[in-house]
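Hi everyone, thanks for coming. Let's bring up the sequence and the structure and walk through a couple of spots together.

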Amino acid sequence: MNLYLHRSLFLIPFLLVVVSNLLVAEAEVITLTVDTFNDKVQEKDTAWFVKFCVPWCKHCKNLGSLWEDMGKEMEGEDAIEIGEVDCGTNKPVCTKVDIHSYPTFKVFYNGEGVAKYQGPRDVESLKAFVLEESEKAASRAQLENESEL
């Protein structure tokens with residue numbers, strides 16, 4: 001067997017993995033900064049579930065891949081975005097939305113902070129919370145829009 005062909009056969013599985021990873025659409029956790037936070041959380045009819053952390057916080061570090069797992073879990077939810085803010089480098093954002101401890105998880109809807117999460121730190125509990133809170137916020141927004149007509 002030709003040496004080059006032989007080596008090529010070993011590369012095929014590697015290349016398949018690389019290409020398949022590029023093709024798989026995974027929901028991402030969107031990093032929010034001083035420059036992007038306001039515009040993003042003010043998106044109309046969109047709930048943002050945001051984790052506020054600092055790199056030196058042991059409780060934040062103990063979350064491991066929880067927030068990335070949450071992003072993947074929420075992949076099919078068009079009206080809910082998962083975001084995170086590093087309060088070490090984006091302190092003005094955290095001050096503005098009243099963050100005093102880490103990690104803090106908050107839901108925003110149409111630019112307003114609507115709920116703070118204080119339950120168990122697992123994907124199922126977080127998902128149930130954000131689905132319920134975003135539904136409530138959407139209903140309130142719809143009632144407000146109807147009353148303005």
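Predicted model: local features only at pLDDT ≥ 70, side-chain atom pairs only at ≥ 80, totals over all residues.

Residues are numbered from 1 along each chain as its sequence is written, and side-chain values use heavy atoms, with hydrogens and water left out.

Okay, cysteines. Searching the whole structure turns up one disulfide, meaning a pair of cysteine sulfur atoms within 2.5 Å. The partners are cysteine 87 and cysteine 94, with sulfurs 2.0 Å apart. The torsion about their S-S bond is about -85°, so this disulfide is left-handed. Cysteine 87 and cysteine 94 are both buried, that is, under 20% relative accessible area with a 1.4 Å probe, protein chains only.

What about cysteine 57? Its closest cysteine sulfur, in cysteine 60, sits 3.2 Å away, too far for a bond. Cysteine 57 is buried too, at 6% relative accessible area, and cysteine 53 is buried at 8%.

Now the helices, which are DSSP runs of H or I, at least four residues, numbered from the N terminus. Helix 4, residues 66-73, packs against helix 6, residues 123-148, at about 55°, with the axes 10 Å apart. Those axes are lines fitted to C-alpha atoms over the stretch in contact, and angles run from 0 to 180 degrees between N-to-C directions. Contact means heavy atoms within 4.5 Å. Helix 4 brings Leu66, Trp67, Asp69, Met70 and Glu73, and helix 6 brings Val123, Leu126, Lys127 and Val130.

Key:
Buried < 20%, exposed > 50% of the residue type's maximum accessible area, 1.4 Å probe, protein only. Helix = DSSP H or I, 4+ residues; strand = E, 2+ residues; numbered from the N terminus.
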